Amino acid sequence: IPSLKSDSDKHDGTFKYILTGDGAGSIFTIDEYTGTIHVTQKLDREEKPFYTLRAQAINRNTQLPVEPESEFIIKVQDINDQEPKFLDGPYEATVPEMSPEGTSVIQVTATDRDDPAYGNSARLLYSILQGQPYFSVEPKTGVIRISSQMDRETKEQYFVIIQAKDMVGQMGGFSGTTTVTINLSDINDNKPIFQQKFYYMNISEAAPVGSTIGKIMAEDSDIGENAAMNYVIEGQESLVFDIITNNETQEGIVILKERVDFESKRRYSIRVKAINRQMDDHFMKEGPFEDTTIIKISVEDADEPPVFTSQNYVMEIAEGATNGSFVGAITARDPDNANSPIRYSIVHSTYLKRLFSINAHSGTIIINKLLDRETAAWHNITVTATEMSE
């Protein structure tokens, strides 16, 4: 550091130089005879960039000032001794999958405590150490951009390492790094696909309306709302069957909408579509986001009760008819293919059984005693038809 010297100093030892202010006596010392200032320890510009000191020359004999006190500033000149640091790292960002090249993802910023106004010590240059060829970084701004389209269904997370180097990237400079975790968010770029082109199910003809017949499922590689789908039955079979979507599992649940009859129709072939609920216009040119499968449904035979040819029979007989007279006949049939024999019987009334008899095999009804119209003009008879095992 240059010396401080009074113009009137004759170098005879009469003058004494005194130093006060920032760091005087500790960091800075002065030779009281020559005015030479010395630094006693290493200075750190990043800790304190300048010091304000005051110097004065006095007469040793009188202790009176021979010069007015003067103030001066010592500036600490910068050297490149600080490395760049990413104070906000590590970073995390999300960008939609299949984003075009050049899409901005995130900006990273490093700081260097060296003097930005002096030399290149704080002039940074960014480069990518890991993450190519999918990502790139702008050297001067630290903006990370997509350099290659990526598919979330192939890989959904990438780890990128960015370096900041001072001295504008020249040899001999300092560097610092940070990591950037980049996640790909999902878009609807995949359609539902049935893993089976045919499904096989069974339903009993005795099953009530609303019964669950079976489940199907189309797989969609997307997630969340982009994978949500509806199932639709095409054609006339939609009158007999219905299909609803389980929103949690995305399964299609096939249910019975109308009773089926084994004797009328034993097999159904229904065509079902799975359709994405949400479409992405960017991918519509690749075709509709749907797939089709066939469900083969077999109707199983059930042992159904006999069916009367009529729910009500009206018969007439004259009063005074003799015992054993024919009243009428009823007929029931077995709706099953077995066509089992039928047994008839009068139920619920001992009194009616005394008045009437029914032939268990033919269904013929006769009277057992004389009937009087004035006593009872009508008689209601309940008859049961029961299948007989052969």
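A residue counts as partly exposed when its relative accessible area lies between the limit for buried, under 20%, and the limit for exposed, over 50%. In the predicted model described here, Glu156 has a relative accessible area of 46% and is therefore partly exposed. Arg152, by contrast, has a relative accessible area of 8% and is buried. These two residues form a salt bridge, in which the closest N and O atoms are 3.3 Å apart. The contact belongs to a network of salt bridges that links Arg152, Glu153, Glu156 and Asp186.

The structure as a whole holds 13 salt bridges. One of them joins the side chains of Arg60 and Glu32, with a distance of 3.0 Å from N to O. This pair links distant parts of the chain, 28 residues apart: Arg60 is located in the loop between β4 (50-59) and β5 (70-75), and Glu32 in the loop between β2 (28-30) and β3 (37-39). Glu32 has a relative accessible area of 28%, so this residue is partly exposed. A further salt bridge is formed by Lys215 and Glu251, whose closest N and O atoms are 4.0 Å apart. Because Lys215 lies in strand β15 (residues 212-219) and Glu251 in strand β18 (residues 251-256), the pair ties together parts that are 36 residues apart in sequence. Lys215 is partly exposed, its relative accessible area being 48%. A charged group also meets an aromatic ring in this model: the charged end of Lys48 sits over the ring of Tyr51, at 5.4 Å from the ring centre.

Contacts between aromatic rings were examined next. The distance of the centres and the angle of the planes describe a pair of aromatic rings. A search of the whole structure finds seven aromatic pairs. One of these is formed by Phe194 and Tyr231, which are tilted, with 6.2 Å from centre to centre and 50° between the planes. Phe194 belongs to strand β13 (residues 193-194) and Tyr231 to strand β16 (residues 229-234), so that the pair links distant parts of the chain, 37 residues apart. Phe194 and Tyr231 are both buried. Phe241 and Tyr268 form an edge-to-face pair, with 5.1 Å from centre to centre and 80° between the planes. Since Phe241 lies in strand β17 (residues 241-245) and Tyr268 in strand β19 (residues 267-276), parts that are 27 residues apart in sequence are tied together by the pair. Phe241 has a relative accessibility of 0% and therefore counts as buried. Tyr268 is buried as well, with a relative accessible area of 11%. Elsewhere, ring pairs link Tyr134, Phe135 and Tyr158 into a cluster.

Strand β16 pairs with β19 in the antiparallel sense over six bridges. Within this pairing, Val272 of β19 is the bridge partner of Ile233. The loop between β15 and β16 contains Asn226, which has a relative accessibility of 15% and so counts as buried. Beyond its neighbours within four places in sequence, Asn226 is in contact with Asp186, Ile187, Asn188, Asp220, Asn276 and Gln278. Among these contacts, Asp186 is also a member of the salt-bridge network that includes Arg152 and Glu156.

According to the unreviewed UniProt entry, the annotation "domain: Cadherin" covers residues 6-86, 87-194, 195-308 and 309-387. For residues 87-194, the end C-alpha atoms lie 50 Å apart, and the span is 0% helix and 42% strand. For residues 309-387, the end C-alpha atoms lie 15 Å apart, and the span is 8% helix and 29% strand.

Val383 is found in strand β27 (residues 383-387). This residue counts as buried because its relative accessibility is 18%, and the limit for buried is under 20%. The C-alpha atoms of Val383 and Ile346 are separated by 4.5 Å, although the two residues are 37 residues apart along the chain. When neighbours within four places in sequence are left aside, Val383 is in contact with Phe308, Ile330, Tyr344, Ser345, Ile346 and Ile358.

How values were computed
Residues are numbered from 1 along each chain as its sequence is written. This is a predicted model: local features need pLDDT of at least 70, side-chain atom pairs count only at pLDDT 80 or more; totals for chains, interfaces and linings use all residues. Side-chain values use heavy atoms; hydrogens and water are left out. Rings of Phe, Tyr and Trp (its six-membered ring) pair if their centres lie within 6.5 Å; planes under 30 degrees apart count as stacked, over 60 as edge-to-face and the rest as tilted. Helices (H or I, at least four residues) and strands (E, at least two) are DSSP runs, numbered from the N terminus. Buried means under 20% relative accessible area, exposed over 50%, partly exposed in between (1.4 Å probe, protein chains only). A charge sits over a ring if NZ of Lys or CZ of Arg is within 6 Å of the ring centre and within 35 degrees of the ring normal. Contact means heavy atoms within 4.5 Å. UniProt positions are given in the numbering used here, feature names are shortened, and annotations may be inferred rather than shown by experiment. Two strands pair if DSSP finds at least two bridges between them.
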